[in-house]
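Keep the 3D view open and follow along.

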Amino acid sequence: MNPGYGIIMWIVVGALAGWIGSKIMGTDARQGAVANVVVGVIGALVGGFITQHLFGDNRSNNGFIASAAVALFGSVVVIWIWKAISGRRSSV
């Protein structure tokens with residue numbers, strides 16, 4: 001995520017990415033608002049790390065949409081890892 005956005009924007013994008021990621025991964029019912037923000041912000045960091053190393057992405061030139069997409073990607077990865085570690089399976 002673009003470091004120039006500031007902490008408030010990180011929280012807003014993190015909350016949205018965490019919430020959408022939890023909807024995609026089927027964990028929204030078990031996850032509260034604070035967990036969505038935490039997962040989204042951690043997801044933004046993880047997604048930025050992955051995209052930077054796989055695709056040569058430069059965090060400082062991402063716009064809002066690209067930053068949100070990277071944060072969403074990272075939040076899905078974080079939730080997937082958490083589900084794999086905790087052994088929880090979604091009942092869909």
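Start where helix 1 meets helix 3: the two pack at an angle of about 50 degrees, with their axes 8 Å apart. Helices here are DSSP runs of H or I with at least four residues, strands are runs of E with at least two, and both are numbered from the N terminus. The axes are lines fitted to C-alpha atoms, for helices over the stretch in contact, and angles run from 0 to 180 degrees between N-to-C directions. That angle makes helix 1 oblique to helix 3; under 35 degrees would count as roughly parallel, over 145 as roughly antiparallel, and 65 to 115 as roughly perpendicular, with the rest called oblique.

Who makes the contact (heavy atoms within 4.5 Å)? Helix 1 brings M9, V13, A17, G18, I20, G21, S22, I24 and M25, while helix 3 brings F64, S67, A68, A71, L72, S75, V76, I79, W80 and K83. Sorted by type, these residues come out as 13 nonpolar, 5 polar and 1 charged. In that sorting, Ala, Val, Leu, Ile, Met, Phe, Trp, Tyr, Cys and Pro are nonpolar, Asp, Glu, Lys and Arg are charged, and the others, Gly among them, are polar.

Before going further, a word on what you're looking at. This is a predicted model, in which local features need pLDDT of at least 70 and side-chain atom pairs count only at pLDDT 80 or more, while totals for chains, interfaces and linings use all residues. Residues are numbered from 1 along each chain as its sequence is written, and side-chain values use heavy atoms, with hydrogens and water left out.

Now step back to the whole protein. It has 3 helices and 0 strands, so to speak a plain α-α-α run from the N terminus on. Of its 92 residues, 33% count as buried, meaning under 20% relative accessible area, with exposed being over 50% and partly exposed in between (1.4 Å probe, protein chains only). Among contacts with a separation of 6 or more, 69% link residues 24 or more positions apart.

Next, turn to helix 1 and helix 2. Their axes come within 6 Å and cross at roughly 100 degrees, which makes helix 1 roughly perpendicular to helix 2. On the helix 1 side you'll find W10, I11, G14, A15, A17, G18, W19 and S22, facing N36, V37, G40, V41 and L45 of helix 2. This contact divides into 8 nonpolar, 5 polar and no charged residues.

A17 sits in helix 1 and is buried, with a relative accessible area of 5%. Leaving aside neighbours within four places in sequence, A17 is in contact with G40, A71, L72 and S75. Although A17 and V70 are 53 residues apart in sequence, their C-alpha atoms lie 8.8 Å apart in space. G21, also placed in helix 1, is buried with a relative accessible area of 0%. Not counting residues up to four places away, G21 touches L72, S75, V76 and I79.

From G21, hop across to N36: the pair is 15 residues apart in sequence and 8.4 Å apart in space, C-alpha to C-alpha. N36 belongs to helix 2 and is buried, at a relative accessible area of 7%. Besides N36, its buried residues include V39, G40, G43, A44, G47, G48 and T51, and what covers the buried residues of helix 2 includes helix 1 and helix 3. At 1.5 Å a residue, the 23 residues of helix 2 should span 33 Å, and the end C-alpha atoms are 31 Å apart, which agrees; the expected span is 1.5 Å times one less than the number of residues. After helix 2 comes G56, with a positive phi near 70 degrees.

Finish on helix 3, residues 64-86, where 23 residues should again span 33 Å and the end C-alpha atoms are 32 Å apart, in agreement. Buried here are S67, V70, A71, G74, S75, V77, V78, I79 and K83, and they pack against helix 1 (7-25) and helix 2 (33-55). Helix 3 is followed by G87, whose phi is positive, near 80 degrees.

Conventions: Contact = heavy atoms within 4.5 Å.
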